[in-house]
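Please look over the sequence and the model shown below, and then read the report that follows.

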Amino acid sequence: MKKVAFYTLGCKLNYSETSSISRMFEDKGYVKVDFTDKPDVFIINTCSVTENADKKCKKIVKEAKKISPGSFVTIIGCYAQLKPKEISEIPGVDAVLGAAEKFRLFDYLDDFTKGGVYASEIKEAKAYNASYSIADRTRTFLKVQDGCNYGCAFCTIPLARGKSRSDTIENIVAQAEEIAHTDVKEVVLTGVNIGDFGIQDGRRKEKFIDLIKALDQIEGIDRFRISSIEPNLLSNEVIEFVAQSERFVPHFHIPLQSGSDAILKKMNRRYLSDLYQSRVEKIKSLMPDCCIGVDVIVGFPGENEEEFLTTYNFLNELDISYLHVFTYSERPNTKAVEMDGVVGQGERNRRSKMLRGLSEKKRRYFYEQQLGKTSEVLFEEDIQDGLMHGFTENYVRVAAKYDPVLINEVKQVTLKSINADGHVEVVEPEEMLVH
């Protein structure tokens, strides 16, 4: 039997799709192996959010050929859709498949002996392909939506994944029920713009609130977690539902990108800072211990020092828990690359460092507010220096002395302490500590 290995770059959505494609290979009789186990076929699922992700793809191909010189290397994912010809010229690449082709790779490549470039224009990516990951038995990424109809000035995702589209609630519930029959305890809902759920054939037929209400009824899954959701799509109805749900956990990740209204308008975002602030206040009024994560971009064209400090101060005053900080990078075929006011790379890095420091301060403060409280932790097979780790409902990372019995178990614990560096401080072996 032929062996196949997978490597995934980028977001949770990519991981869910890689997992589903891997099951297609297993159905064809392939054996899924580790990257280093001299596979006959490599499938590399790429991201193109940053320039660094493009460079990683080239490095992975080089490593694949070093491990298994006679292997067949196929590239799929966002980078493959955006730059198929460029990728096909990377030494060692045998085939490139775009967004409309990646779920039909056996139709194009058959027995993986003859390669080629198969990447239609993005307007051909109309089909919705259901996906969920099962690699990590404690947590699954369940795809509920794909593509995006927004035109943010910095973003290539609509060019790489096409227009917004979704499966039906009925089909997604059926997938979740399949997952419920496995050992998985937590399901993370993922997509490009999940709040835009419900669009089929260009028409809105269902709503995100209807989806989460249906999933909340499924027995056998302890937790549902909502991944990144746009602030203008995070309705009060959704917040109020999560607040009273026993399965949907108190954790939101809400992209901000900038705290400056002037920059938000240049970015072509669909909200201003006052709406974002109102969403955070609504969440905290109903769920005081809710974890709120934020995406923010530094160094966008036109972001002078005053605009940056507006963002910094806005975030500093918000009751949020952590930041994901992205340093702006120019992407071809986006509106931002044509804008004036380019920020130097050194200044971008300085601003990024400042916000990462703010993120650490926010995370530590959030953790401190949880000390002495009782939470339920889902322990994972994440073991370092004799300690195992897991997450509470509200996304506090917790550590305990390694015990194999605890893996994939939900355990009620009291959060005890954090040391001066924000690392685990073990007092008693049986006590669970904030990490």
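Threonine 8 stands opposite asparagine 45 in strand E3, and the two strands concerned, E1 (residues 3-8) and E3 (residues 41-46), run parallel and are joined by 5 bridges. Helices (H or I, at least four residues) and strands (E, at least two) are DSSP runs numbered from the N terminus, and two strands pair if DSSP finds at least two bridges between them. This is a predicted model, in which local features need pLDDT of at least 70 and side-chain atom pairs count only at pLDDT 80 or more, whereas totals for chains, interfaces and linings use all residues. Residues are numbered from 1 along each chain as its sequence is written, and side-chain values use heavy atoms, with hydrogens and water left out.

E1 and E3 belong to an open sheet of 6 strands, in the order E2-E1-E3-E4-E5-E6, with parallel pairing. Strand E2 (31-32) and strand E6 (116-118) stand at the edges and have a single partner strand each, so one side of each is left without a neighbour in the sheet. Helix H1 (residues 12-27) lies across E1, E2, E3 and strand E4 (72-77), and runs at about 175° to E1; this angle is taken between N-to-C directions, on a scale from 0 to 180 degrees, with axes fitted to C-alpha atoms, for helices over the stretch in contact.

Antiparallel pairing is found around strand E17 (residues 374-384), which forms 5 bridges with strand E20 (residues 410-414) and 5 bridges with strand E18 (residues 387-392). Threonine 374 stands opposite threonine 414 in E20, while valine 377 has threonine 392 in E18 as its bridge partner. The hairpin of E17 and E18 has 2 residues between the strands, and aspartate 385 there takes a positive phi near 50°.

The protein chain as a whole has 13 helices and 21 strands. For 435 residues a compact globule would have a radius of gyration near 22 Å, and the protein chain agrees with its 22 Å; the radius is taken over C-alpha atoms, and the globule rule is 2.2 Å times the number of residues to the power 0.38. Of the 435 residues, 54% count as buried, where buried means under 20% relative accessible area, exposed over 50%, and partly exposed in between (1.4 Å probe, protein chains only).

The largest nonpolar core has 54 residues, of which Leu189, Phe208, Leu215 and Leu355 touch the most other members; such a core is a set of buried Ala, Val, Leu, Ile, Met, Phe, Trp, Tyr and Cys residues joined through side-chain atoms within 4.5 Å. Helix H7 (residues 169-180) gives the most to this core, with 6 residues. A second, separate core of 19 residues includes Leu9, Val73, Ile75 and Ala80. Leucine 355, not counting residues up to four places away in sequence, touches Val296, Val298, Phe308, Tyr312, Leu315, Leu323 and Val325, contact meaning heavy atoms within 4.5 Å.

Most residues other than glycine have a negative phi.

| Residue | Phi | Loop |
|---|---|---|
| Asparagine 333 | about 65° | between strand E16 (322-327) and helix H13 (345-370) |
| Tyrosine 395 | about 65° | between E18 and strand E19 (397-401) |

Asparagine 333 counts as exposed at 70% relative accessibility, whereas tyrosine 395 is partly exposed, with a relative accessible area of 26%.
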